[in-house]
Amino acid sequence: MESGIFRRNLVIGAVLALIFLLAAIVSFFWTPYDVTQLDIANKLKKPGSQYWFGTDHFGRDIFSMIMVGARTSIAVAIVAVGIGLTVGVPLGLAAAAWRHSLLDELIMRSNDLVFAFPALLIAIMITAVFGPGAVNAIIAIGIFNIPVFARLTRGAALSLWTRDFILAARTAGKNAFRISVEHILPNIVNLLIVQGTIQFSLGILAEAGLSYVGLGAQPPIPSWGRMLAESQTMISFAPHLALFPGFAIVLTVLGLNLFGDGLRDYFDPRLRQQSR
Amino acid sequence: MLRFVLKRLLSLVATLAVASVVIFIAIEVVPGDPASYMLGLNAEPDTVQALRDELGLNASKITRYFQWVGGMVHGDFGTSYTYRTPVSAMIADRIGISLPLALYALLLSTVIAFPAGIIAATRRGSVADVSIMGATQLGVAIPNFWFAMLLVLFFSIQLRWFSAGGFPGWDEGFFAGVKALTLPAVALALPQASILARVMRSSLLDTLGEDFIRTARAKGLTTRQTLWRHALRNALIPVLTIIGLQFSFLLAGAIIIENVFFLPGLGRLIFQAISQRDLIVVESVVMLLVFAVVLVTFLVDVAYAVADPRLRAQR
Amino acid sequence: MSLRKLLLPLLIAAASTTHAAKTDLVLGMQLEPPNLDPTGGAAAAIDEVVYANIFEGLTRFASDGSVQPALAKSWEISDDGLTYTFTLNTGVKFHDGSDFDAQDVKFSLDRARAETSTNAQKQLFAGIENVEVSDAETVVITLAAPNGALLFNLAWGDAIMLSPDSFDKAKTDPVGTGPFTFSKWVQGDRIEIARNPDYWGEAAKLEKATFKFISEPTAAFAALMAGDVDAFPVFPAPENLPQFEADPRFQVVVGSTEGETILSTNNKQPPFDNKLVRQALAHAIDRKAIVDGAMFGYGTPIGTHFAPHHPAYVDLTGNSAYDPEKAKALLKEAGFEEGFTTTLKLPPPSYARRGGEIIAAQLREVGITTEISNLEWAQWLEQVFRGKDYGLTIVSHTEPMDIGIYAKADYYFQYDNPDLQSLMSDLESITDPAMRTQSLQKAQQIISDDYVNGYLFQLAKTGVANADIVGLWENSPTQANDLTAVYWK
């Protein structure tokens, strides 16, 4: 019965995530209104047939802003996950291949070091040095994805290294590098995809948090977190300004998490069996 | 065992040393000068120089690093550039809010997560399980600052049950303090409780599937007895690890929530200090937070090693 | 809640029958002062707590902006305008019980203008050549050249009087001569002051006042609504004012400030070194949209760098009326038919952030692309103010009577006009009011004609207070919360 739930998770999650992905893509070609156009005479309109989600304090269409904001969120989160994968996975593979060496120790200790820093603080410091902006938000979020993937990769790779087929490859004369690339990596791809989905959703949350405190994408590019920040003083008389971007974040993150959970159960037969 | 602890202790000290260098360098390259920030638009250059001299900012970077680290070892964090009061006193004041807030949030999240996780695990697949898991999915998806905004809108502005923020100080009474921390703690606890409940559930499910539980059942213990006597205790280890990590996260991660509720905690102190370029405060607080995380990790490692000797060998 | 609603009328009835007027006040402020010494920092928040409450100077600003006697009860000016003889009030004591006399005046002024001084407004004392004590109640200040603004300068918070015995405590435990004494500072939260029973002048009506620091506008709104704060003299979110106006519990007081909000332009950075481009900029800006959109209607459009409520103000807004077509034509004439790209660096206040977005949209209409970056104050000071690495920025110049900054060629907008410079240096020695007005008006005209900056609007002081509070300043001639005359109805 549970596998039914999990398959449902996968489907609901995929649908939710796709809606926002689609909104982001469509926003490149079409939005109901131009989000850079201010129309102060039409500010703070309630949701209705003309403006589906109403307008903000500059008279911009909130529906259009959420579409374009999806673009910002998704782009920042994807690149941040990409940084984590491209740097973290090789580090993790190397640490596992030469386990207990100085390299392993160095990699794992630097991981601990990054983990020890409060993430938001690093982001604040990065933007204090380089100024706020989407690129620096990506870097700040990306840095914290590196140790996540490095640890995960190392752990999974370590257990693979003891398996027979790796032993076979070693006796066949393959070196640690080739084994890592040809045998270890393909076997942990599923794991990485699942973790990637989770980090992706965390990245969306982190981007929202950073732009909420003003450290994300700069105006006039809309971002969900900044929309929330700007709506804050108006929440008591124009709650729609805060509700719609908030729902957008919640639904996207929820969708990605459900999708990730569903994927994990799909990939991991052990779990599936156990849940039966 | 002792060797293991010593080894971990050594690595703790090394981590801290490296962290202090990283922090110092990172903060020194931050553009902006505390003296010119304090003196504002009309200040003349020689006035700024005079203030820099007074603050000791004109000393060499290496001297200042060693002064800072040397002071910290003796518990002296230096003097704030902007406030001109000892940093240690400022930090102590702020911890008086951040620490109770973190503990409060942790308490709330545990009180919610334990029963939720246990119910979900023991009635796996039931309506209760599905709805608890659904709720936790929602809980981790809601940005806590947004949740905090909604809490203020509803409980402070509409119902006026709680004040919208601020902290009266513990000398106004224990209850007043706890009341002021309630909404922020709820906002902080929501995602934590969701994560904890999920960990609790899966950890319990794992142990319930293990051999010794089957043995216990075979010995004639009831489900309830098995749960309380055996499964829960064993399931608790990963849960405690998460709680440990959450605690250090809560101590530092409350920055945004402290801003929403204008609580004078550590997070707000850092935010303010960075914008005022009160570098010595930033350095010291970040160092303190890193120390907290490293210490918790160390304690968790040691606890693991005590619980499971195999890990010692592995490390 | 329902219980509360039921009880509320009863409580109000009970309160009105007993009618013991409250004698304490909680005042909200957006920024916390870094310390409490107005002679050692520029933060406006310092003056907002201590000015006229804890510390006093020889002269002071009244709520209408006029300069009044304070610790000096009178003065005489020599015919050549070089010697000022101040007679001090008698019986004035510092909060620690020591007497205030001419020695303290000499000490305070000498300290402010010393070589090693860390006074943020050291230029206020620039013309002073000598401060001499003739007896305990008389001080003679000698100037190098006549200075029509001396009494005005001495009224600033940066010129308050400190005692040599307690000046070094001013940052954390201030000892002044004012009607309130410092009681307590809970850092990050509030400062408390209490009535000074031994005050030399008319005693304050309040027994106790608390300054509570609430940086988030939403939190400020909620705190007022919840009654945690009684008054917010500079309420940071104009969009919330209609809600307060609609609520009988509150009064909304909109007054004037000394804050000229301008689109500062880097006059040395191409293409802004071309006057035609600056003129185009001026005509591309729709002030009404900015005041409506960024300030929700609060603020007076200005056409030059001068406060509209000042008698010498000239309305020059017509000189740069909103006319995008003209702006485009001017850009074409300047050789920028295709437009250009520049930077717009914005400091934290919402007038700048919101105004910046609106201006960016307006400039886009005439073909100018702006890259917005939102900066913290420290970054803004570093990059824009000192580094002059910017094209455009928005900032409110809140110092009173600060048109003199246009005579500083190395000031951050890098405007270098010898005519204006000589006009302003001549002004210093003019003491005749009519002639001063004439010169000031000429200066306004020059900078408006040169389109030095985009002149946007005069910042309004948007105050919200409990309807029963009387005596708060309506206007803000200097950044202060003078609580001397405040009481509850």
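A polar contact is a pair of N or O atoms within 3.5 Å; within protein, one of them must be able to donate a hydrogen and the other to accept it, and residues adjacent in sequence count only if both atoms are side-chain atoms. I start my notebook with that rule.

**Ground rules.** I am looking at a predicted model, where local features need pLDDT of at least 70 and side-chain atom pairs count only at pLDDT 80 or more, while totals for chains, interfaces and linings use all residues. Residues are numbered from 1 along each chain as its sequence is written, chains are lettered from A and ligands numbered from 1 in the order in which they are written, and side-chain values use heavy atoms, with hydrogens and water left out.

**Entry one: chain B against chain A.** I looked up the contact (heavy atoms within 4.5 Å) and found 45 residues of chain B touching 39 residues of chain A. Next came buried area, the accessible area (1.4 Å probe) that two parts lose on being put together, summed over both. Chain B and chain A bury about 3500 Å² between them, with 77% of it on carbon and sulfur atoms. B:Gln137, B:Trp146 and B:Met149 supply 17% of the area that chain B buries here against chain A, more than any other three residues.

I then checked for salt bridges (a side-chain nitrogen of Lys or Arg within 4 Å of a carboxyl oxygen of Asp or Glu). The rule finds 1 across this interface of chain B and chain A. B:Arg198 pairs with A:Asp261 in a salt bridge, the closest N and O atoms being 2.7 Å apart. I also noted 3 residue pairs in polar contact between chain B and chain A, both residues at pLDDT 80 or more.

**Entry two: chain C against chain B.** Here the contact takes 49 residues from chain C and 44 residues from chain B. The area buried between them is about 3800 Å², and carbon and sulfur atoms give 54% of it. I found 1 salt bridge across the interface of chain C and chain B. B:Arg277 forms a salt bridge with C:Glu376, with 3.4 Å between the closest N and O atoms. Across the interface of chain C and chain B there are 2 residue pairs in polar contact, both residues at pLDDT 80 or more.

Sorting by class, I counted nonpolar (Ala, Val, Leu, Ile, Met, Phe, Trp, Tyr, Cys and Pro), charged (Asp, Glu, Lys and Arg) and polar (the others, Gly among them) residues. The side of chain C that touches chain B has 20 nonpolar, 14 polar and 15 charged residues.
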